[in-house]
Amino acid sequence: GVFIEPEALILKSNARVMSLQDGTAKMSKSAENDLSRINMLDTPDEIRRKIKKCKTDSLKGVGYDPERPEANNLLGIYEAMTGMTKEQVAAEAATWTGWGTFKPLLADAIISHLEPIQQRYKEITEDKEYVTSVLAEGAEAANTIATRTLDNTKRSMGFAVPGDKPKF
């Protein structure tokens, strides 16, 4: 085939991170409310503020429950940030007295997880020559692949492509 369908590399656990303001809505960078998401370049103070203000329920305790979308979402984020399993997080959650105990732990886990990414981003963006060279190499590679794909598409539709031998 000319077009190969890519396979997703999404882990099943936490494949969808939900909004910090609505545990039933997907987290989105285009959402109007900035408090609904953690941005990759948010400062530690911004992350702490967003987690402190994120929506939770009024039920006692912190734990997984199909009827508690916000709790499931925040615990799922904690899972992803710490590398812990759902079972490990559930066991740890049983020791927390409530959201006041959990939210600082979650904020710290997010900050720790994003710190090396943010540091690398800063290093890369400060080296303008490197960024320019990577963009140029990427453009050249993409152009090569796109040209090949376009030529193959034209051939599969019965069109001749410059450089092809004539078929009589």
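Q: Leaving aside its neighbours within four places in sequence, with which residues is Y64 in contact?
A: In this predicted model, Y64 touches N72, L75, G76, E79, K86, V89 and A90, its neighbours within four places in sequence being set aside.

Q: Where does Y64 lie relative to helix 1 and helix 2?
A: Y64 belongs to the loop that runs between helix 1 (44–53) and helix 2 (69–82).

Q: How is the accessibility of Y64 to be read: as buried, partly exposed or exposed?
A: The general idea is that a residue is buried under 20% relative accessible area, exposed over 50%, and partly exposed in between. Y64 has a relative accessibility of 23%, and therefore counts as partly exposed.

Q: Where is T43 found, and how does T43 count by accessibility?
A: T43 sits in the segment before helix 1. Its relative accessibility is 37%, so T43 counts as partly exposed. For T43 and M81, which are 38 residues apart along the chain, the C-alpha separation is 16 Å.

Q: Is W99 buried or exposed, and in which helix does W99 lie?
A: W99 lies in helix 4. The cut-off for burial is under 20% relative accessible area; W99, at 11%, is therefore buried.

Q: Which residues are in contact with W99, leaving aside its neighbours within four places in sequence?
A: With those neighbours excluded, the contacts of W99 are T56, D57, L59, G61, V62, R68, A71, L74 and P104.

Q: At what angle do helix 4 and helix 5 pack?
A: Angles of 65 to 115 degrees count as roughly perpendicular. Helix 4 (residues 99–126) and helix 5 (residues 128–156) pack at about 90°, and their axes are 5 Å apart. The two helices, helix 4 and helix 5, are therefore roughly perpendicular to each other. Helix 4 contributes R120, I124, T125 and E126 to the contact, and helix 5 contributes K128, Y130 and V131. By class, this contact has three nonpolar, one polar and three charged residues.

Q: Which residues line the second largest pocket?
A: The lining consists of R155, G158, F159, A160, V161, D164, K165, P166 and K167. Sorted by class, the lining has four nonpolar, one polar and four charged residues. The volume of the second largest pocket is about 170 Å³.

Notes. Residues are numbered from 1 along each chain as its sequence is written. This is a predicted model: local features need pLDDT of at least 70, side-chain atom pairs count only at pLDDT 80 or more; totals for chains, interfaces and linings use all residues. Side-chain values use heavy atoms; hydrogens and water are left out. On a 1 Å grid over the protein atoms alone, a cavity is a set of points where a 1.4 Å probe fits but cannot get out, and a pocket is an open set with protein on both sides within 12 Å along at least five of seven lines; lining residues have an atom within 4 Å of a point. Grid points are joined across faces, edges and corners, and a volume is the space filled by probe spheres set on the points. Ala, Val, Leu, Ile, Met, Phe, Trp, Tyr, Cys and Pro count as nonpolar, Asp, Glu, Lys and Arg as charged, and the others, Gly among them, as polar. Axes are lines fitted to C-alpha atoms, for helices over the stretch in contact, and angles run from 0 to 180 degrees between N-to-C directions. Helices (H or I, at least four residues) and strands (E, at least two) are DSSP runs, numbered from the N terminus. Angles under 35 degrees count as roughly parallel, over 145 as roughly antiparallel, 65 to 115 as roughly perpendicular and the rest as oblique. Contact means heavy atoms within 4.5 Å. Buried means under 20% relative accessible area, exposed over 50%, partly exposed in between (1.4 Å probe, protein chains only).
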